[in-house]
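Visitor: I would like to learn how to read the features of a model such as this one, taking them one at a time. Could we begin with the structure itself in view?

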Amino acid sequence: MTHPATLQYPFDTIPAGGQTLEVAPGVRWIRMPLPFALNHVNLWLLDDGDAAVVVDTGFGLDEVRAHWSDILSRDGRPLSGIIATHCHPDHLGLAAWLAERDQAPIHMTQGEFLVAHAMWHQQPGYSIPDMLKLFTTHGLDTHRLTALEQRGNGYKRGVPALPDSYHRMFDGDVLRIGGREWRVIVGYGHAPEHASLYCEALGILISGDMLLPRISTNVSVFAATPHDDPLGLFLASLQRIKHLPDSTLVLPSHGNPFRGLGLRIAQLEAHHAERCELLLSTLDVPRNAGEMLATLFTRELDTHQVLFAMGETVAHLNYLANRGQVARQVADDGTVKFERTA
Ligand SMILES: [Zn+2]
């Protein structure tokens, strides 16, 4: 298939704080601040007759709450539903708070609901000590381990409260919102059971974090599933949306709405292939993920970024191990190294 040479960004302006910008009939774009280097998240407001549906809710900050209050009081309609694409704080953060306003139901997948609670309540395999243990076996240095330990439960800061019940979404479900059908497309690798939403009539894909125009989606290995292959799962999930028309307007969680879905997927496939080649080129001797961190990430990383970078490095190494391109060597003390097989 041939693709246009570059991604097309149809909107010259971005919505200001506390404002919305219509990107299609009945679909409005909201941009909320984030307290880290990735400085914003996009949320969506869908017309639903006399009410409105929110897709993703923003990080639990007072500033975000104030923007929501402005937007919803100006809109004047009650919320009839809250859809969370996945459990990360910038998406699920204020879902419980928004739901309380109009007693609106929260729609999400079971994987996201359960892992949200697992991280919030620090359950086995999803706790900070378990993450530190995983990163220790993968050779992260003491200095960075200590910084991560002191950072504590960042999840709870971004998600002050969680719902204790929800409407469960499944892959292939069709949600009827404002007379239009939105199909749930579940994807893996970035989050446990991420839901994107596709409206064929409007030619719109709300991609969440599964397809972003400028940055590559984070894929991380968790302590509960140390042999997991999130990169393989992510790439396989992209195959499931690759067939959508190239004219589809993609509404991503970070960056601007764009067209050129096929080109973007091809770029991401090339990006990860390149990262794997880079790792393989240095694995002629056994090395651990801690040592490989500087190979994959040449810029200075803050503590928040170390978390993602380390998870991502292990993800690439597991991907190569699962395909037999590197061998995983586990020492008596549990530390893990990888070496090229050919
Ligand atoms: Zn995310």
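Visitor: In which sense do strand 6 and strand 7 pair, and over how many bridges?

Guide: Bear in mind that this is a predicted model. Strand 6 and strand 7, the latter covering residues 167-169, pair in the parallel sense over 3 bridges, and Met108 has Arg168 in strand 7 as its bridge partner. Strand 6 also pairs with strand 5 (residues 79-83), again in the parallel sense, over 2 bridges, and here Ile82 stands opposite Ile106.

Visitor: Which way do the residues of strand 6 point, and are they buried or exposed?

Guide: The general idea is that side chains in a regular strand alternate between the two faces of the sheet. In strand 6, which spans residues 106-109, Ile106 and Met108 point one way while His107 and Thr109 point the other way, and all of them are buried.

Visitor: Which residues touch the most other members of the largest nonpolar core?

Guide: In soluble globular proteins, nonpolar side chains tend to be buried together. The largest nonpolar core here has 86 residues, and Trp44, Val55 and Met310 are the ones that touch the most other members. Helix 11 (residues 303-322) supplies the largest share of this core, with 9 residues. Once neighbours within four places in sequence are left aside, Met310 is in contact with Phe135, Leu140, Ala289 and Leu293.

Visitor: At what angle do helix 9 and helix 10 pack?

Guide: A helix pair is read from its angle, the distance between its axes and its handedness. Helix 9 and helix 10 (residues 289-296) pack at an angle of about 125 degrees, their axes being 10 Å apart, and are therefore oblique to each other. Their crossing is right-handed, with the contact made by Arg275, Leu278, Leu279 and Thr282 from helix 9 and by Met292, Thr295 and Leu296 from helix 10.

Visitor: Why does Gly260 count as buried?

Guide: Burial is judged by counting neighbours, and a residue is buried if 20 or more other C-beta atoms lie within 10 Å of its own. Gly260 counts as buried because it has 21 C-beta neighbours inside that distance of 10 Å, although its place is in the loop between strand 12 (249-252) and helix 9 (261-282).

Notes. Residues numbered from 1 in each chain as written. Predicted model: local features only at pLDDT ≥ 70, side-chain atom pairs only at ≥ 80, totals over all residues. Helix = DSSP H or I, 4+ residues; strand = E, 2+ residues; numbered from the N terminus. Buried ≥ 20, exposed ≤ 12 C-beta atoms within 10 Å, placed from the backbone. Pairing = 2+ DSSP bridges. Core = buried A, V, L, I, M, F, W, Y, C linked by C-beta atoms within 7 Å. Contact = placed C-beta atoms within 7 Å. Axes fitted to C-alpha atoms, helices over the stretch in contact; angles between N-to-C directions. Parallel < 35°, antiparallel > 145°, perpendicular 65-115°, else oblique. Left-handed = near helix turned anticlockwise from the far one by under 90°.
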